[in-house]
Amino acid sequence: FMAIDPASGHVKAYVGGPNYRYFKYDNCRQGKRQVGSTVKPFLYTLAMQEGLSPCERVVNVPQSFNVGDNVWTPRSTDKAEWIGKTVTLKWGLAHSSNNISAYLMKQYGPEPMVEMMRKMGVFSYLEPVYSLCVGSADLNVYEMVAAYNTFPSNGIYVTPIFVTRIEDNQGNVLSEFTNRKREAISEQIAFLMANMMQGVVNQGTGSRLRSAYGLTGQIAGKTGTTNDNSDGWFIGYTPSITAGAWVGA
């Protein structure tokens with residue numbers, strides 16, 4: 001688990017494992033796991049940058065890709081009654097539809113998606129393959145939280161910072177530290193994505209935050225799972241905090 005302040009990048013919470021005395025491994029930064037559907041906001045950000053809008057309507061049908069001599073069709077996770085219906089991109093992200101993600105991947109291709117993820121602060125190796133649209137990449141919590149923070153920080157990528165200064169026992173400042181900020185996406189695209197990701201919490205796969213846990217106020221985010229729930233993710237934000245959690249194994 002990791003949480004940061006959107007504007008400053010100050011790390012507010014950091015849990016790398018159960019107990020460092022017995023488990024000397026940092027799952028936040030060292031551990032990389034398949035990200036599943038938490039990768040989808042990067043693809044939708046690319047779509048917004050290319051001129052689509054959250055209200056863009058798409059037919060919800062399976063999409064197939066030619067991969068060498070084989071044909072690959074991402075498995076649909078939608079309810080049967082939604083197949084064949086015309087839906088909006090906002091609906092597609094809210095319900096984490098693999099069909100809609102595959103449609104967008106077919107429009108733009110894997111290389112532009114990798115480039116977008118790089119701009120937003122994902123620095124681990126990314127293979128430019130079609131399956132990236134459903135989250136085949138192995139990434140860590142640290143880089144995912146920092147990249148998601150681009151949305152509530154109005155398009156600015158902020159490097160997370162753990163320590164701002166070091167003082168001696170007399171209060172003398174021995175060293176001070178600052179972090180780097182740069183524009184990753186436009187403020188308009190960040191706003192559109194924040195609006196779409198609010199739909200995840202209000203009507204979509206993250207709606208239990210409202211219905212089961214009674215959380216109110218402005219919340220946006222994205223869920224992610226991999227085969228047999230071996231990885232479970234939620235990364236979300238309010239205007240004052242960005243946080244991400246991974247559970248698994």
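Predicted model: local features only at pLDDT ≥ 70, side-chain atom pairs only at ≥ 80, totals over all residues.
Student: What makes the contact between aspartate 231 and arginine 33 a salt bridge?

Tutor: The closest N and O atoms of aspartate 231 and arginine 33 are 2.6 Å apart, and a salt bridge asks for a side-chain nitrogen of Lys or Arg within 4 Å of a carboxyl oxygen of Asp or Glu, so the pair qualifies. The pair links distant parts of the chain, with aspartate 231 in strand S14 and arginine 33 in strand S3 (residues 33–34), 198 residues apart.

Student: Why is aspartate 231 called buried, and what is arginine 33 called?

Tutor: Aspartate 231 has a relative accessibility of 3%, and buried means under 20%, so the word applies to aspartate 231. Arginine 33, with a relative accessible area of 30%, is partly exposed, because that term covers what lies between under 20% and over 50%.

Student: How many salt bridges does the structure hold, and what do you know of the one formed by arginine 165?

Tutor: There are two salt bridges in the structure. In one of them the side chains of arginine 165 and glutamate 167 meet, at 2.7 Å from N to O, and since the limit is within 4 Å, this contact is therefore a salt bridge as well. Arginine 165 is partly exposed at 45% relative accessibility, and glutamate 167 is partly exposed with a relative accessible area of 39%.

Student: What makes the nonpolar surface patch, and how do you know that phenylalanine 162 may belong to a patch?

Tutor: The patch, of about 450 Å², is made by Phe162, Val163, Ile166, Leu174 and Phe177. Phenylalanine 162 has a relative accessible area of 42% and is partly exposed; patches are made of residues with over 30%, so phenylalanine 162 passes that cut-off. The place of phenylalanine 162 is in the loop between strand S9 (156–158) and strand S10 (165–167).

Student: Turning to the pockets, what is known of the space in the largest pocket, and which residues are closest to its centre?

Tutor: The largest pocket contains about 750 Å³ of space. It is lined by 31 residues, and those closest to its centre are Ser37, Thr77, Ser96, Asn98 and Thr225. Two or more lining residues come from each of helix H2 (89–94) and strand S13 (220–225), and S13 has the largest share, with four residues.

Student: How do the lining residues of the largest pocket divide, and how do those of the second largest pocket divide?

Tutor: In the largest pocket the lining divides into six nonpolar, 19 polar and six charged residues, whereas in the second largest pocket the division is nine nonpolar, four polar and one charged. The volume of the second largest pocket is about 240 Å³, and of its 14 lining residues Phe151, Pro152, Ala194, Gln218 and Tyr237 lie nearest its centre. Helix H6 (187–202) and strand S14 (231–238) each supply at least two residues of that lining, with H6 giving the most, five residues.

Student: Why is serine 96 called buried, and what is its phi?

Tutor: Serine 96 has a relative accessibility of 8%, and the limit for buried is under 20%, so serine 96 falls on the buried side. Serine 96 sits in the loop between H2 and H3, and its phi is positive, about 55°, although serine 96 is not a glycine.

Student: Which class does glycine 204 fall into, and how far is it from lysine 90?

Tutor: Glycine 204 has a relative accessibility of 10% and, because the limit is under 20%, glycine 204 is buried. It lies in the loop between H6 and helix H7 (208–211). Glycine 204 and lysine 90 are 114 residues apart in sequence, with 9.9 Å between them in space from C-alpha to C-alpha.

Key. Residues numbered from 1 in each chain as written. Heavy atoms only, no water. Patch = residues over 30% accessible without salt bridge, like charges linked within 9 Å, V, L, I, M, F, W, Y side chains within 5 Å. Areas by Shrake-Rupley, 256 points an atom, 1.4 Å probe, with all protein chains shown as cover. Buried < 20%, exposed > 50% of the residue type's maximum accessible area, 1.4 Å probe, protein only. 1 Å grid on protein atoms, 1.4 Å probe; cavity = no way out; pocket = protein on both sides within 12 Å on 5 of 7 lines; lining within 4 Å. Points joined across faces, edges and corners; volume = space filled by probe spheres on them. Nonpolar A, V, L, I, M, F, W, Y, C, P; charged D, E, K, R; others polar.
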